[in-house]
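Trainee: I am new to this structure and would like a close look at one part of it, the aromatic rings and their surroundings. Could you take me through that part with care?

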Amino acid sequence: TESYDKKWTDEYTTSPSSNIDKNYELVSTPENASGTISGDVVVNYYYRLKSAKLTVHHYIEGTTDELAATESYDKKWTDEYTTSPSSNIDKNYELVSTPNNASGTISGDVVVNYYYRLKSATITVNYYIQDTTTKLGESIIKDIHWGDEYCTDPLTNISVNYELVGTPNNASGIISGDVVVNYYYRLKGASLTVHHYV
């Protein structure tokens, strides 16, 4: 509170305090902030906590392509806030890491960016002799991402003594985790005919 001794007809001018907490802002300048004294004058300055925006984005890593809707909140300075990854992210994606400013105290507009990437998976293709884990060819191992389509093939350089039992049910498909595809081979069948002629 500031108090001054004045005389009638004195001109006066007041101003907002320079000692106001940085979290507050002036609502508006009072109508009687300045004028001419014609009796006791009371000038009231009103302050309020500053407003701020909290914005949360959910992006594909390395881009500004959104995986979920942007969230926007009206906040006041000094408000505590906590954000979290979206629960509406496609199951093929995973969070890269929690942003440093995922939670904190509002002291201005805040933008929190969550980044997501396609989940990694491995596809392993094995070529076995039927009913064993004895390999007829080297296994193929590939890194791939969730949501990717894949297609595998039987061995091309197989021994002439063997034949494919059948195409595995998961020989092709869409990745939603690690995949193991096992091709099985068996020795070819043959007939032996013995004739006894006169």
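Mentor: What follows goes through the aromatic pairs, then the charges over rings, and then a few other features. This is a predicted model, in which local features need a pLDDT of at least 70 and side-chain atom pairs count only at pLDDT 80 or more, while totals for chains, interfaces and linings use all residues. Residues are numbered from 1 along each chain as its sequence is written, and side-chain values use heavy atoms, with hydrogens and water left out. The pLDDT is the predictor's confidence in each residue, from 0 to 100, and the protein chain averages 94, with 100% of the residues scoring at least 70.

A pair of aromatic rings is described by the distance of the centres and the angle of the planes. Rings of Phe, Tyr and Trp (its six-membered ring) pair if their centres lie within 6.5 Å, and planes under 30 degrees apart count as stacked, over 60 as edge-to-face and the rest as tilted. By this rule there are three aromatic pairs. In one of them, the ring centres of Tyr59 and Tyr115 are 5.9 Å apart and the planes stand at 40 degrees, so this pair is tilted. Tyr59 belongs to strand S5 (residues 51–60) and Tyr115 to strand S10 (residues 110–118), so the pair ties together parts that are 56 residues apart in sequence; strands (E, at least two residues) are DSSP runs, numbered from the N terminus. For accessibility, buried means under 20% relative accessible area, exposed over 50%, and partly exposed in between (1.4 Å probe, protein chains only). With a relative accessible area of 10%, Tyr59 is buried, whereas Tyr115, at 31%, counts as partly exposed.

Tyr128 and Tyr184 also form a tilted aromatic pair, with 6.0 Å from centre to centre and 40 degrees between the planes. Because Tyr128 lies in strand S11 (residues 120–129) and Tyr184 in strand S16 (residues 179–187), this pair ties together parts that are 56 residues apart in sequence. Tyr128 is buried at a relative accessible area of 12%, while Tyr184 is partly exposed at 31%. Strand S11 also holds Asn126, which is buried at 7% relative accessibility. The C-alpha atoms of Asn126 and Asp148 are separated by 20 Å, and the two residues are 22 apart along the chain.

Rings also take part in another arrangement, in which a charge sits over a ring if NZ of Lys or CZ of Arg is within 6 Å of the ring centre and within 35 degrees of the ring normal. Lys50 lies over the face of Trp77, at 4.2 Å from the ring centre, and Lys119 lies over the face of Trp146, at 4.1 Å from the ring centre.

Thr9, in the segment before strand S1 (11–13), has a positive phi of about 80 degrees although it is not a glycine, and at 62% relative accessibility Thr9 counts as exposed. Asp131 is found in the loop between S11 and strand S12 (135–145); its phi is near 65 degrees, a positive value in a residue other than glycine, and Asp131 is exposed, with a relative accessible area of 75%.

Conventions. Helix = DSSP H or I, 4+ residues; strand = E, 2+ residues; numbered from the N terminus.
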